[in-house]
Amino acid sequence: MDEVAVAADGHAIAAHAALVSSTYGAASMFTNKPLVTAFVSFVVAQFLKLFTTWYKEKRWDLRCLYSSGGVPSSHSATVMGLAVAIGLGDGLGGPLLAIAFVLASVVMYDASGVHLQAGRQAEVLNQIVHDLPSEHPLSDMRPFREFLGHTPLQVLAGALLGSLIACTLHVLSLIGAGT
């Protein structure tokens with residue numbers, strides 16, 4: 001009943017609208033710690049692929065900056081960064097952490113399961129098409145992408161990276177708030 005009485009007051013409505021606007025406005029997207037953490041985790045993981053690809057292949061390949069597959073898993077880094085940032089900010093008992101944890105589990109399972117197997121199937125299909133005689137209608141078919149998924153170790157590396165970035169950004173925000 002008190003809420004109805006407060007809502008009838010024009011000043012309270014205006015104050016509430018200003019609070020909602022400032023809390024959920026476009027500018028608040030850049031101060032949303034879980035969202036920023038997820039984005040930073042993704043960017044760092046993709047950037048690190050440049051160096052892990054160089055280490056493995058001894059050549060620089062800028063395509064890895066925007067491709068899937070490789071180490072660390074940017075999908076895993078993104079969702080674990082998000083989940084850990086939510087856990088650190090909202091606590092371990094909230095529904096947001098539950099949602100983020102389930103999302104992270106599904107994404108990481110999918111990256112190391114379904115996508116990895118699809119990549120392996122693409123590798124086999126590419127070999128079959130390569131071995132076809134040149135007069136076969138499928139012999140000039142464009143190859144399938146083979147690097148779709150991640151090994152469990154690549155997923156783990158991404159998850160650890162996202163967690164580390166979330167913890168680092170959380171500590172930095174606490175240090176910044178204390179000054």
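Biologist: Where does Ser73 lie?

Modeller: Ser73 is in the loop between α3 and α4. Helices (H or I, at least four residues) and strands (E, at least two) are DSSP runs, numbered from the N terminus. One caution: this is a predicted model, where local features need pLDDT of at least 70, side-chain atom pairs count only at pLDDT 80 or more, and totals for chains, interfaces and linings use all residues. Residues are numbered from 1 along each chain as its sequence is written, and side-chain values use heavy atoms, with hydrogens and water left out.

Biologist: Does Ser73 count as buried or exposed?

Modeller: Buried means under 20% relative accessible area, exposed over 50%, and partly exposed in between (1.4 Å probe, protein chains only). Ser73 counts as buried because its relative accessibility is 0%.

Biologist: Which residues is Ser73 in contact with, leaving aside its neighbours within four places in sequence?

Modeller: Contact means heavy atoms within 4.5 Å. With those neighbours set aside, Ser73 touches Ala45, His150, Gln154, Val155 and Gly158.

Biologist: And why does Asp61 count as buried?

Modeller: Asp61 is found in the loop between α3 and α4. Its relative accessibility is 12%, so Asp61 counts as buried. Again leaving aside neighbours within four places in sequence, Asp61 is in contact with Leu50 and Thr53. Asp61 and Phe51 are ten residues apart in sequence, with their C-alpha atoms 9.1 Å apart.

Biologist: How many helices and strands are there in the protein?

Modeller: Seven helices and zero strands. Of the 179 residues, 27% count as buried. Take the contacts between residues at least 6 apart in sequence: 66% of them join residues at least 24 apart.

Biologist: How do I read the length of a helix, say the 25 residues of α3?

Modeller: The expected span is 1.5 Å times one less than the number of residues. For the 25 residues of α3 that gives 36 Å, and the end C-alpha atoms are 36 Å apart, which agrees.

Biologist: What do the buried residues of α3 pack against?

Modeller: They pack against α4 and α7. Among the buried residues of α3 are Pro34, Thr37, Ala38, Ser41 and Ala45. In general, an α-helix has 3.6 residues a turn, so residues three or four places apart point the same way. Just after α3, Lys58 has a positive phi of about 60°.

Biologist: And what do the buried residues of α4 pack against?

Modeller: Their partners are α3 (33-57), α5 and α7. The buried residues of α4 include Val79, Met80, Ala83 and Ile86. Gly91 follows α4, and its phi is positive, near 95°.

Biologist: At what angle do helix α5 and helix α7 pack?

Modeller: Two packed helices are described by the angle between their axes and the distance between the axes. Axes are lines fitted to C-alpha atoms, for helices over the stretch in contact, and angles run from 0 to 180 degrees between N-to-C directions. Helix α5 (residues 95-112) and helix α7 (residues 152-178) pack at about 150°, with axes 9 Å apart.

Biologist: Which residues in α5 meet which in α7?

Modeller: From α5 come Met108, Ala111 and Ser112, and they meet Pro152, Val155 and Ala159 in α7. Nonpolar covers Ala, Val, Leu, Ile, Met, Phe, Trp, Tyr, Cys and Pro; charged covers Asp, Glu, Lys and Arg; the others, Gly among them, are polar. The residues of this contact of α5 with α7 come out as five nonpolar, one polar and no charged.
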